[in-house]
Amino acid sequence: MKEIRPINWTGSRLELLDQTRLPHEQVTVNISDYRVAAAAITDMRVRGAPAIGVTAAYAMVLAAAEFGSLRQAGSQIAAARPTAVNLGWAVRRMLRVAEAEPDPEAEARRIQAEDEEINRRIGEHGRVLMPQDGEGVLTHCNTGALATSAFGTALGVIRAGWEKGGRFRVYNTETRPWLQGARLTSWEFQQLGIPATLIADSAAGMMMLNGDISCVITGADRIAANGDTANKIGTYALSVLAHENGIPFYIAAPTSTVDLSVTDGSGIKIEERPQHEVTAYGGMPVAPSGTVAYNPAFDVTPNRYITAIVTEAAVCRPPFDDSLRRAVDAA
């Protein structure tokens, strides 16, 4: 299948595939300033927890070249988006290395290479959970190569199932308000040659009730120690619908997304984005002038609605307090 690599380091600058321009244009953004890299994270030119982490690592390399000291820049980069734990994880890892090595570039390259390897292991662990041929799997938002350094997490599990000969049906939500599912996931499935059907977010319940969907798999931006999972807004609703219809609900994420310092989902900070992302799209208003909008970027799915969490170390099942800790220790 065609490999998609949205992040490239040239040795002196960072190249990002601008995800706000897909699927109509494939535009590469050239970045040589860590502040611009942080802005690219905030503005969602790059998004997805693993991809944010890799971008943050290279942003730290750019900061080191400018200052020689990383701590002030690290705080600015880590604040670009608060919910994705991989962002702070990558910054902290780069800070630790910088204390011992004058050139942090090698560590950033390791983070990028490790991410792809981890994603492929997630795919291998998770593919056995995919439905039988002719049955359907639903995914939400974008969790493919665009959200990582390569291969993907939840979408990577679907890909791994297809690469091993599975011919289950694939559905993906549009994922308002940024339409990551419609714009990015549909584009990725086309690039991979995997037939997929796009559905409106609000159609998922009807399709589960009608038997079109046999399981749901999504990614994660932060997983608490007890398994409560923050992910793209709408994930919680899908988990409740899956539970009501007796359908397995899976999370796929690297162990770097597990935050054992957070006991449960109540401790996860949820990013709230600007109102205009809901009231307008592509610069065109979709609501009357003066409309007030609420725009949380994520929600938290309680662990009781999660069947399993697929990591690179293992498929973790309840009780997640134990299985997630073992997976983190193993990784």
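Me: Leaving aside its neighbours within four places in sequence, which residues is Leu138 in contact with?

Reply: In this predicted model, Leu138 is in contact with Tyr171, Asn172, Thr173, Ile199, Ala204, Met208, Ile213, Cys215, Val216, Ile217 and Leu238. Leu138 is also named, with Ile158, Met208 and Ile217, among the residues with the most contacts inside the largest nonpolar core, which has 44 residues. Helix 6 (residues 154-163) gives the largest share of this core, five residues, and apart from it lies another core of 37 residues, including Leu16, Ala51, Ala56 and Leu87.

Me: Why is Asp221 called buried?

Reply: Buried means under 20% relative accessible area, and Asp221 has a relative accessible area of 9%, so Asp221 counts as buried. Asp221 lies in the loop between strand 7 (215-218) and strand 8 (222-224), and, not counting residues up to four places away in sequence, touches Ala49, Thr83, Ala84, Val85, Asn86, Ala230, Asn231, Lys232, Thr257 and Phe298. In an unreviewed entry, UniProt lists Asp221 under "active site".

Me: What describes how helix 2 and helix 4 pack?

Reply: Two packed helices are described by the angle between their axes and the distance between the axes. For helix 2 (residues 49-67) and helix 4 (residues 85-100), the angle is about 30° and the axes are 7 Å apart, and the crossing is right-handed.

Me: How many residues of the contact of helix 2 with helix 4 are nonpolar, polar or charged?

Reply: They divide into twelve nonpolar, two polar and no charged; among them, Ala56, Ala57 and Met60 are in helix 2, while Leu87, Ala90 and Met94 are in helix 4.

Notes: Residues are numbered from 1 along each chain as its sequence is written. This is a predicted model: local features need pLDDT of at least 70, side-chain atom pairs count only at pLDDT 80 or more; totals for chains, interfaces and linings use all residues. Side-chain values use heavy atoms; hydrogens and water are left out. A nonpolar core is a set of buried Ala, Val, Leu, Ile, Met, Phe, Trp, Tyr and Cys residues joined through side-chain atoms within 4.5 Å. Buried means under 20% relative accessible area, exposed over 50%, partly exposed in between (1.4 Å probe, protein chains only). Helices (H or I, at least four residues) and strands (E, at least two) are DSSP runs, numbered from the N terminus. Contact means heavy atoms within 4.5 Å. Axes are lines fitted to C-alpha atoms, for helices over the stretch in contact, and angles run from 0 to 180 degrees between N-to-C directions. A crossing is left-handed if the near helix is turned anticlockwise from the far one by less than a right angle, and right-handed if clockwise. Ala, Val, Leu, Ile, Met, Phe, Trp, Tyr, Cys and Pro count as nonpolar, Asp, Glu, Lys and Arg as charged, and the others, Gly among them, as polar. UniProt positions are given in the numbering used here, feature names are shortened, and annotations may be inferred rather than shown by experiment.
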